[in-house]
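Student: Could we go through this model together, asking each time what stands behind the wording?
Tutor: Gladly; have a look first.

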Amino acid sequence: GEHVSLAELEATANQAAHLFRALGLNRGDHIAILLENHKRFFQICWAAQRAGLYYTAISWRLQQEEVEYIVNNCEARVFITSHERRAVVEPLVGKTSKVSARYMLDGTIDGFESWEEAISSMPTTPIADQAEGQSMLYSSGTTGYPKGVKKPLPEQAYGEGEEINLMQVLYGATEDSIYLSPAPLYHAAPLAFTMGLIRMGVRVIVMEHFEAERALEYIQNYQVTHSQWVPTMFVRMLKLPDEVRLAYDVSSLQCAIHAAAPCPIPVKEEMIDWWGPVIYEYYAGTEGNGFVQLNSQEWLEHKGSVGRPLNCEVHICDDDGEEVLVGESGTIFMGGGGEFEYYKDDEKTAGSRHPKGWSTLGDVGYLDEDGYLYLTDRKHFMIISGGVNIYPQEAENVLITHDKVMDVAVFGVPNEEFGEEVKAVVQPKDMADATPELAIELMDYCRTKLSHVKCPRSVDFREELPRHPTGKLYKRLLKDEYWQKA
């Protein structure tokens, strides 16, 4: 229910930029932000953007040690958070070596100054030396400690470059568009899309948290034209009772973009049937090393694909770095896209590179004869059972379509004879259904769709899975738990 006008955003972002200069921050310095989807989130980001700073938005779901690692790793000189995050940040006072100023919104605790008071006396006019800044975000850490993705700062003065706005060029956004952002703003896509649209003057609706029915309510009430989602959000909306789901008018939608995780074919088919051919998909990463995309019509002709490369070329390579034949799976490398490095981690940066200079996000996939890319899974999640390579995404895509399943994770657990065996951990729609009978039903259901070797040999149930709001599953947390027990 809170509103921020463009004029208010402009004035307060200028005040914050003056504060950064008063603190001695210059082009190329870093700040860190730990905030929920907050009214002042954009104010801080735009201040950094126009002051030529790197700004690192941190997931508010992380715990103390993880936040401490990121703040120190990015060498933030200013750390900004909210009173709601006080339990996590209070122990960090004195543990963040480069931080010289700490601010808190909506109240303060020892060690933090009031952000609102700090900017209140600053001028609302632009700083004299405006320069384009850049986000420096950290990967979600689904396979280990998060990695800081650093890209070069733009060379031009603030507002002078002709940036390519994907929402405008690819997805037809105009000043009259209305954009719904249901995801956390600290993630790369929501932050980039919303910042780019605000720059265009587009009205942006930000949900504090995603709720399936509330998202539909907002589409109807705000007459949303553009939006960006992850597949788990599609699943949760589709699993609403039909009398609830179909009660909302979604005809204003012109473009619904999704990414971040593979979308099961039946889920996307249902979404296109429901919302129409307005669904666009892309494959890219925080690293910005390439962009692959397609529209609904292309997807219907190449079901399961994430698209064709837009600003790069795609190479599929085996473990020796040799390119494989069309239709064969291998590590996905991109060439000709953007440059990046993993901040202060030469080993991980080098590990992401091919001898020919291409780079990878660590995903596995294949190309068809038309040059469309299909994702198989993350390389880290591959299960090797009796010498057979199994990609758990296949079983997950089957199990999520079962009527009684809300969410699912499939991974390898120890097996004395085969090394690993396939395990499924399921979040049922109703925990009352979490019975041995349902476990057998799910295993049998999977075997009707896939080779038995790819299907789980056992199923456990949880009330909730450790899934990131961006759609990525913290599968390593579940996997580590089972391997430690073993």
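Tutor: Let's start with pairing: two strands pair if DSSP finds at least two bridges between them. Helices (H or I, at least four residues) and strands (E, at least two) are DSSP runs, numbered from the N terminus. This is a predicted model, in which local features need pLDDT of at least 70, side-chain atom pairs count only at pLDDT 80 or more, and totals for chains, interfaces and linings use all residues. Residues are numbered from 1 along each chain as its sequence is written, and side-chain values use heavy atoms, with hydrogens and water left out.

Student: What makes strand 11 and strand 12 a pair?
Tutor: Strand 11 (255-258) and strand 12 (279-283) share 3 bridges in the parallel sense, and at least two are required. As one example, His258 has Glu281 of strand 12 as its bridge partner.

Student: Why are strand 9 and strand 15 said to stand at the edges?
Tutor: The open sheet has 11 strands in the order 9-8-10-11-12-13-14-19-18-16-15, with mixed pairing. Strand 9 and strand 15 (313-317) each have a single partner strand, so one side of each lacks a neighbour in the sheet. On average, neighbouring strands of this sheet are turned by 35° against each other, direction ignored.

Student: Why is Asp106 called partly exposed?
Tutor: Buried means under 20% relative accessible area, exposed over 50%, and partly exposed in between (1.4 Å probe, protein chains only). Asp106 has 47% relative accessibility, so Asp106 counts as partly exposed. Asp106 is in the loop between strand 4 (101-105) and strand 5 (113-114), and has a positive phi of about 65° although it is not a glycine.

Student: How do you know which class Lys344 belongs to, buried, exposed or partly exposed?
Tutor: The relative accessible area of Lys344 is 46%, so Lys344 is partly exposed. Lys344 sits in the loop between strand 17 (341-342) and helix 13 (346-351), and its phi is positive too, near 60°.

Student: What makes a space count as a pocket?
Tutor: On a 1 Å grid over the protein atoms alone, a pocket is an open set of points with protein on both sides within 12 Å along at least five of seven lines; lining residues have an atom within 4 Å of a point. The second largest pocket holds about 1000 Å³ of space. Its lining has 31 residues, with Glu2, His3, Val4, Val204 and Val206 nearest the centre. Among the elements giving two or more residues to this lining are helix 1 (6-22) and strand 9 (203-206).

Technical notes. 1 Å grid on protein atoms, 1.4 Å probe; cavity = no way out; pocket = protein on both sides within 12 Å on 5 of 7 lines; lining within 4 Å. Points joined across faces, edges and corners; volume = space filled by probe spheres on them. Axes fitted to C-alpha atoms, helices over the stretch in contact; angles between N-to-C directions.
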